[in-house]
Amino acid sequence: MPIDIKAVKNDSNFYDLEVQNGDFVMDESTFQHQGLLFLSAKGDFKEHPTRCVDAGRFVEARDSEGLAREIGTEFSLDDMKIDEIEISIPKIKIEARYEY
């Protein structure tokens with residue numbers, strides 16, 4: 001049974017908050033969580049310093065297999081079910097969802 005996870009919605013700049021009628025817009029947040037997990041480096045989050053994919057280091061090294069492995073590991077540790085990971089650097093497709 002999927003859970004509806006809500007957070008403050010970001011605009012197209014990913015990290016800027018979206019505001020309508022003087023208030024923050026709330027929206028489904030799975031994509032935001034995935035993006036932060038994918039782009040952030042290990043050590044970026046004090047509570048879990050060994051977590052995050054740090055995709056940039058894999059892309060620079062053109063290590064598709066290592067990136068796929070790291071995405072699978074980190075997304076699974078974040079309680080996501082991964083349906084598909086398709087990597088052809090620089091294109092990356094991840095189909096994953098939270099499953100509680």
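Which residues form a nonpolar patch on the surface? The patch consists of Leu17, Val19 and Phe24, which together have about 290 Å² of accessible area, and membership requires over 30% relative accessible area and no salt bridge, with nonpolar side chains joined within 5 Å. Such areas come from the Shrake-Rupley method with a 1.4 Å probe, while a salt bridge is a side-chain nitrogen of Lys or Arg within 4 Å of a carboxyl oxygen of Asp or Glu.

The model is a predicted one, in which local features need pLDDT of at least 70 and side-chain atom pairs count only at pLDDT 80 or more, whereas totals for chains, interfaces and linings use all residues. Residues are numbered from 1 along each chain, and side-chain values use heavy atoms, without hydrogens and water.

Phe24 counts as partly exposed because its relative accessibility is 47%, the scale being buried under 20%, exposed over 50% and partly exposed in between.

Further along, Arg62 sits in the loop between helix H2 (55–61) and helix H3 (64–77), and it has a positive phi of about 55° although it is not a glycine; with 59% relative accessibility, it counts as exposed. Asp79, in the loop between H3 and strand E5 (80–88), likewise has a positive phi, near 65°, but its relative accessibility of 42% makes it partly exposed.

A hairpin connects E5 to E6 through two residues, and Ser88 has Lys91 in E6 as its bridge partner.

Notes
Patches are made of residues with over 30% relative accessible area and no salt bridge: like charges are joined within 9 Å, nonpolar side chains (Val, Leu, Ile, Met, Phe, Trp, Tyr) within 5 Å. Buried means under 20% relative accessible area, exposed over 50%, partly exposed in between (1.4 Å probe, protein chains only). Helices (H or I, at least four residues) and strands (E, at least two) are DSSP runs, numbered from the N terminus. Two strands pair if DSSP finds at least two bridges between them.
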